[in-house]
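Grab a pencil and work through these exercises with the model open beside you. Each one has a task, followed by a solution in steps.

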Amino acid sequence: MTVFYLSLMVVIPLVGLFFSTAKIGWEGILGVFREDRIRAALFLSFYVGSISAIINMFVGFLFAWVLVRYDFFGRKIIDTLVDLPFTLPTAVAGIALTTIYSQKGWIGKLFAPYDIKIAYTPIGIIIALVFIGFPFVVRAVQPVLEDLPKELEEGAKCLGASPFTTFWRVIFPELWPSILSGTGMAFARGIGEYGSVVFISGNIPGKTEILPLLIITKLEQYEYSKATGIAVVMLIISFSIMFLINLAQNRASRRLT
Amino acid sequence: MNRYSPNFTKWIFIGLVYFFAFIILILPILIVFQEAFAKGISGYLESLQEPDTISAFLLTLKVAAIAVPINTLFGFVAAFTITRFQFPGKNFILTIIDSPFAVSPVIAGLIFLLIFGRQGWMGSFMEQWDIKVVFNTPGLIIATMFITLPFVARELIPLMQSQGKEEEEAGILLGASFFQTLKKIIIPNVKWGLLYGIILCNARAMGEFGAVSVLSGHIRGQTNTLPLQIEVLYNEYNSVQAFTAASLLVFLSLLTLVVKIILEKNIHRK
């Protein structure tokens with residue numbers, strides 16, 4: 001029954017997508033890369049995806065570190081709030097962030113005098129992706145950090161290592177695989193993210209138009225084959241990134257043992 | 001004491017976390033309520049009575065009421081099958097269960113559009129029988145089912161794995177029927193994990209936007225779920241109404257978090 005339901009709900013649709021691609025053929029997929037607007041969206045999606053992934057890595061690690069290592073007022077509340085982006089509908093996040101970062105918004109106002117626009121530019125998209133993505137890193141690193149025996153660090157310190165060396169040579173290698181997998185998940189999610197980005201990006205073709213949005217635009221214009229082509233390219237790229245991260249992760253954890 | 005003592009770094013780190021938590025997590029919630037109450041409580045209550053918003057709210061409830069139980073049942077059966085039986089291809093199945101997480105919601109919507117749409121594979125069949133899936137409630141339900149499929153299974157699989165099957169075997173050896181074992185041993189053991197999975201599944205089902213957006217056709221008062229209704233209102237510069245609708249979903253997600261804390265306490269106590 002499991003297999004039946006799974007194949008009904010997941011396998012058939014996914015295989016179906018590839019069959020639809022077969023219909024449009026290689027020519028159709030390559031055609032995707034020929035259109036300037038799609039190329040711009042492809043570039044933008046991966047560009048903002050990568051930058052936000054790097055930010056997520058640092059912010060997520062910082063949260064995990066502080067939540068596990070320090071005891072302070074409000075720790076429990078912050079720990080709970082980290083799950084908020086998972087439970088808050090993306091459309092709500094989208095309109096809230098846009099209002100905060102638009103030129104009249106609470107934070108947008110602070111930057112407006114310097115002529116820095118946040119909403120309706122790639123910066124806005126990156127902010128939305130950080131909101132959506134950093135909890136993935138926190139939740140991936142947190143359990144590993146919790147299980148890390150304190151003796152390792154203390155041992156390193158006793159042997160005369162500086163705090164920096166302790167971190168870099170002792171703690172970091174242990175955490176590296178989980179940081180990678182969290183960041184990878186955040187990145188994969190970021191590439192496909194639609195709800196929170198569609199509001200803050202402003203959707204200017206060629207400038208702040210991301211791939212998922214372009215799929216919807218193409219669908220509205222009844223260009224189904226173009227939309228399918230974009231979807232397949234997106235799927236292939238994000239699956240291969242996930243695969244690479246898995247590979248790197250395996251390597252990293254094998255080196256440890 | 002030197003400047004770089006652990007204590008000093010500690011407070012810098014904590015300060016940074018507070019700062020980010022406030023900017024990234026708390027501000028968005030505050031702004032939703034500020035905008036929703038921009039015209040006072042009366043404005044808020046008035047927006048709540050907007051007929052399109054009410055029907056969107058009801059539609060959202062309906063979609064969740066169908067998608068969540070089905071996926072709960074599936075999640076339970078799948079977790080049971082995977083943790084209790086040995087069979088080839090287990091890892092493959094696990095990967096497939098997770099795959100809706102990796103697929104962009106917009107792509108998920110597109111796939112179902114290609115299958116059930118007028119020109120899709122089943123399009124002519126559908127037309128013959130006069131079944132409308134796309135731009136209609138069934139399409140919304142199917143898309144939501146796809147997106148929320150992994151939640152319950154993912155919660156239960158590690159839990160059931162760690163609990164092992166000794167208790168069930170003892171039950172069966174002592175002469176309990178399968179249903180008795182199910183009712184008295186299996187379900188009570190995974191109760192909290194199961195509830196937690198259902199709650200997460202429900203939050204996502206009610207908040208789903210991308211996949212539903214492709215399939216809904218945006219017919220006001222008919223196929224707009226609450227998140228879609230928010231988009232429509234926002235794009236019409238109807239800020240108070242949009243944020244009022246959004247505040248309902250914020251309540252839902254805060255409630256989810258509270259329930260989560262309670263459930264986690266119960267899971268740990270065991």
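**Exercise 1. Fold of each chain**

In what order do the elements of chain B run from the N terminus on?

*Solution.* Start with the ground rules. This is a predicted model, where local features need pLDDT of at least 70 and side-chain atom pairs count only at pLDDT 80 or more, while totals for chains, interfaces and linings use all residues. Residues are numbered from 1 along each chain as its sequence is written, and chains are lettered from A and ligands numbered from 1 in the order in which they are written.

Step 1: read off the elements, where helices (H or I, at least four residues) and strands (E, at least two) are DSSP runs numbered from the N terminus. Chain B runs α-α-α-α-α-α-α-α-α-α-α-α-α, that is, 13 helices and 0 strands.

Step 2: Along the principal axes, the C-alpha trace of chain A spans about 65 × 55 × 35 Å, and the C-alpha atoms of chain B fill a box of roughly 80 × 65 × 35 Å.

Step 3: check burial. A residue is buried if 20 or more other C-beta atoms lie within 10 Å of its own, exposed if 12 or fewer, and partly exposed in between, with C-beta atoms placed from the backbone. Buried residues are 44% of the 257 in chain A and 44% of the 270 in chain B.

**Exercise 2. Confidence**

Find where confidence in chain B is lowest and where it is highest.

*Solution.* Step 1: take the chain as a whole. Its mean pLDDT (the predictor's confidence in each residue, from 0 to 100) is 83, and 92% of its residues reach 70 or more.

Step 1: go helix by helix. Helix H6 (residues 123-129) of chain B sits lowest with a mean of 68, and helix H3 (residues 51-84) of chain B is highest at 89. Where pLDDT is low, the predicted coordinates should not be read in detail.

Step 2: look at the complex. The predictor gives an ipTM of 0.82 and a pTM of 0.85.

**Exercise 3. The interface**

Describe the side of chain B that touches chain A.

*Solution.* Step 1: count contacts, meaning C-beta atoms, placed from the backbone, within 7 Å. In chain B, 57 residues contact 57 residues of chain A.

Step 1: ask who contributes. Helix H1 (residues 6-36) of chain B supplies the largest share of that side, 14 residues.

Step 2: sort by class. Ala, Val, Leu, Ile, Met, Phe, Trp, Tyr, Cys and Pro count as nonpolar, Asp, Glu, Lys and Arg as charged, and the others, Gly among them, as polar. That gives 45 nonpolar, 8 polar and 4 charged residues on the chain B side.

**Exercise 4. A helix and a loop**

How many residues of H5(A) are buried?

*Solution.* Step 1: count them. The answer is 12 of 12, among them Val92(A) and Ile95(A).

Step 1: check its length. Helix H5 (residues 90-101) of chain A reaches 16 Å from first to last C-alpha, close to the 16 Å expected (1.5 Å times one less than its number of residues).

Step 2: move to Ile118(A), in the loop between helix H6 (108-111) and H7 of chain A. Ile118(A) counts as buried because it has 24 C-beta neighbours inside 10 Å. Its contacts beyond four places in sequence include Tyr101(A) and Phe111(A).

How values were computed. Contact = placed C-beta atoms within 7 Å.
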